[in-house]
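The following exercises concern one protein chain. Please consult the sequence and the structure while working through each solution.

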Amino acid sequence: MSTSPLPDGLSQREIDAEIAKAQAASTTHNHPPRDYPPYRSSHLRHPEQPQTALRDPEAVELSGPVFGVTDITALDSDLTRQHPGEPFGERITVSGRVLDRAGRPVRGQLVELWQANASGRYAHQLDQHPAPLDPNFTGFGRCLTDDDGGYFFTTIKPGAYPWRNHTNAWRPAHIHFSLFGTAFAQRLVTQMYFPGDPILPYDPVLQSVTDESARRRLVSTYDHDLSVPEWSLGYRWDIVLDGPSATLFEEGHDH
């Protein structure tokens, strides 16, 4: 979401130079650093204290919220039918599989997504980007993976939006994904991007993933067979939870 301007007012060229420097200095293919200089606010938003060990993780899960198959309805996964009217924008289908490191399907996984509308604005009071809100689009959905590990959403392609990380900073179109294990205490958050987006090379959030192959795994693929005739374009994006081909998840911050 759009945030207040930062005091240094760096240009895109200066941010690009910082990105190139960080990528050249990177010696790891793991998660990006929590404090990533081109992502200007990351040094204010990431945890600085060590994680607190849980003495009894099962007790935490037992006392937390739970979910089940009966909590999820068909409307939860179709973001275009959650309100009385049709939302504005390009209707899309987003589907894929949730897999473990061995390529086995992860069944019964709660998958959530949230996103900006077609104008690049979130239905959230903190988003004051002067783009129109859509009364027929809230931008939140969820589903459970099937026996093949598959998930399926119908939604609207989100728009790009300014986020004031630096002068003329824009976030490319993206969808936030959240995955839960067997309890809400087990949560992973990541982002999916769209192929051919010209803003991708300029985005410090995506470029904080310094390994090129890992960045490519965050970009969906257009799938013509997934497109619904006269209804929606199809994008496929598989999520691998761990291992060398894992989808990178956010640690300590998101945007």
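**Exercise 1. Strand pairing**

In which sense do β1 and β4 pair, and over how many bridges?

Solution. The model is predicted, so local features require pLDDT of at least 70 and side-chain atom pairs count only at pLDDT 80 or more, while totals for chains, interfaces and linings use all residues. Residues are numbered from 1 along each chain as its sequence is written, and side-chain values use heavy atoms, with hydrogens and water left out.

Step 1. Helices (H or I, at least four residues) and strands (E, at least two) are DSSP runs, numbered from the N terminus. The chain comes to 6 helices and 11 strands.

Step 2. Two strands pair if DSSP finds at least two bridges between them. β1 and β4 pair in the antiparallel sense, over 7 bridges. Within this pairing, T93 stands opposite T154 in β4.

Step 3. Burial is judged by relative accessible area: buried means under 20%, exposed over 50%, and partly exposed in between (1.4 Å probe, protein chains only). In β4, 6 of the 7 residues are buried.

**Exercise 2. The faces of β3**

Solution. 

Step 1. In a regular strand, side chains alternate between the two faces of the sheet.

Step 2. β2 and β3 run antiparallel and are joined by 5 bridges. In this pairing E112 stands opposite R142 in β3.

**Exercise 3. Salt bridges**

Solution. 

Step 1. A salt bridge is a side-chain nitrogen of Lys or Arg within 4 Å of a carboxyl oxygen of Asp or Glu. A search of the whole structure gives 10 of them.

Step 2. R40 and E18 form a salt bridge with an N to O distance of 2.9 Å. This pair links distant parts of the chain, 22 residues apart: R40 is in the loop between α1 (12-25) and α2 (42-45), and E18 is in helix α1. R40 is buried because its relative accessible area is 17%, whereas E18, at 25%, counts as partly exposed.

Step 3. D78 forms a salt bridge with R81, the closest N and O atoms being 2.8 Å apart. D78 has a relative accessible area of 10% and is therefore buried; R81, at 46%, is partly exposed.

Step 4. The side chains of R97 and D148 meet at 3.1 Å, N to O, in a salt bridge. R97 lies in strand β1 (residues 91-99) and D148 in the loop between β3 (140-144) and β4 (150-156), so the pair ties together parts that are 51 residues apart in sequence. Both partners are partly exposed: R97 has a relative accessible area of 26%, and D148 one of 43%.

**Exercise 4. Aromatic pairs**

Solution. 

Step 1. Rings of Phe, Tyr and Trp (its six-membered ring) pair if their centres lie within 6.5 Å; planes under 30 degrees apart count as stacked, over 60 as edge-to-face and the rest as tilted. The structure holds 8 aromatic pairs.

Step 2. The ring centres of Y122 and Y161 are 5.5 Å apart and the planes stand at 75 degrees, so this pair is edge-to-face. Y122 is in the loop between β2 and β3 and Y161 in strand β5 (residues 161-162), 39 residues apart. Both Y122 and Y161 are buried.

Step 3. For Y151 and F177 the centres are 5.6 Å apart and the planes at 65 degrees, so this pair is also edge-to-face. Y151 belongs to strand β4 and F177 to strand β7, 26 residues apart. Y151 is buried at 2% relative accessible area, as is F177 at 0%.

Step 4. Ring pairs link Y151, F153, F177 and W237 into a cluster.

**Exercise 5. The nonpolar core**

Which residues have the most contacts inside the largest nonpolar core?

Solution. 

Step 1. A nonpolar core is a set of buried Ala, Val, Leu, Ile, Met, Phe, Trp, Tyr and Cys residues joined through side-chain atoms within 4.5 Å.

Step 2. The largest such core has 39 residues, and those with the most contacts inside it are V111, Y151, F153, I175 and F177. The elements giving two or more residues to this core include β1, β4 and β7 (174-180).
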